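Thanks for coming. Please have a look at it first.

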Amino acid sequence: QVQLVESGGGLVQPGGSLRLSCAASGSFSRINDMGWYRQPPGKQRELVAGITSDGSTNYADSVKGRFTISRDNAKNTVYLQMNSLKPEDTAVYYCNADVVVHFRRNDYWGQGTQVTVSS
């Protein structure tokens, strides 16, 4: 069983920063792509940022220049550094990972962490 456990969410004022972490645990061969998604209130889940196993990244236009995704393969952990936060960044943030288990690729999700940007 593979688990993704997120941490780092909370309440922050506009212009502030937060760092999210997501650690994978369990029995698996390797982790391919990892990413962060978010679901604002009343809206659909959307991709925020993704990172491949070799470190290539991609970002939603709305967060480019403000958010940075990174990963530590030795710790099976992905991070999301969020700077210059805006009220519209308020959402539940979910970690996602493409994990190889018994030679098969599986898609896993974390439980979500709330990020609220408000004064």
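In strand 9, Trp36 has Cys95 as its bridge partner. Strand 9 covers residues 91-101 and runs antiparallel to strand 4, with eight bridges joining the two. A word on terms: strands here are DSSP runs of E with at least two residues, and helices are runs of H or I with at least four residues, numbered from the N terminus. Two strands count as paired if DSSP finds at least two bridges between them.

Before going on, the basis of all this: it is a predicted model, in which local features need pLDDT of at least 70 and side-chain atom pairs count only at pLDDT 80 or more, while totals for chains, interfaces and linings use all residues. Numbering starts from 1 along each chain as its sequence is written, and side-chain values use heavy atoms, with hydrogens and water left out.

Back to Trp36, which also stands opposite Ala49 in strand 5. Strand 4, residues 30-39, pairs with strand 5, residues 46-51, in the antiparallel sense over five bridges. Six residues lie between those strands in the hairpin, and Gly42 there takes a positive phi near 75°. Strand 5 goes on to pair with strand 6, residues 57-59, again antiparallel, over three bridges. Ile51 stands opposite Thr57 in strand 6. This second hairpin has five residues between its strands, and Gly55 in the turn has a positive phi of about 100°.

What is the order in the open sheet of four strands? The order is 1-3-8-7, with antiparallel pairing. Strand 1 (2-7) and strand 7 (67-72) are the edges; each has a single partner strand, so one side of each is left without a neighbour in the sheet. From one strand to the next, the twist averages 15°; the angles run from 0 to 180 degrees between N-to-C directions, with axes as lines fitted to C-alpha atoms, for helices over the stretch in contact. Inside the sheet, strand 3 (residues 18-26) and strand 8 (residues 77-82) pair antiparallel over six bridges, and Leu20 stands opposite Leu80 in strand 8.

Strand 8 also holds Thr77. Is Thr77 buried or exposed? Thr77 is buried, with a relative accessible area of 8%; buried means under 20%, exposed over 50%, and partly exposed in between, using a 1.4 Å probe and protein chains only. A polar atom of the Thr77 side chain lies 2.8 Å from the backbone oxygen of Lys75. Leaving aside neighbours within four places in sequence, Thr77 is in contact (heavy atoms within 4.5 Å) with Cys22, Ala23, Ser70, Arg71 and Asp72.

That brings us to the disulfide. The count comes to one, where a disulfide is a pair of cysteine sulfur atoms within 2.5 Å. Cys22 is joined to Cys95, S to S 2.1 Å, and the link is left-handed, with -80° about the S-S bond. Cys22 lies in strand 3 and Cys95 in strand 9, so the pair ties together parts that are 73 residues apart in sequence. Both cysteines, Cys22 and Cys95, are buried.

Next, the core. The largest nonpolar core has 29 residues, and Trp36, Val48, Phe67, Val78, Leu80, Met82 and Tyr93 touch the most other members. Such a core is a set of buried Ala, Val, Leu, Ile, Met, Phe, Trp, Tyr and Cys residues joined through side-chain atoms within 4.5 Å. Among the elements giving two or more residues to this core are strand 1, strand 7 and strand 11 (113-117). Strand 9 gives the most, with six residues. As for Met82, its contacts beyond four places in sequence include Leu18, Leu20, Phe67, Tyr93 and Val115.

Most residues other than glycine have a negative phi. Ser84 has a positive phi near 50°; Ser84 lies in the loop between strand 8 and strand 9 and is partly exposed at 41% relative accessibility. His102 likewise has a positive phi, near 50°. His102 sits in the loop between strand 9 and strand 10 (104-109) and is exposed, with a relative accessible area of 67%.

That is what I have.

Definitions and conventions. Polar contact = N/O pair within 3.5 Å; in protein donor to acceptor, adjacent residues only side chain to side chain.
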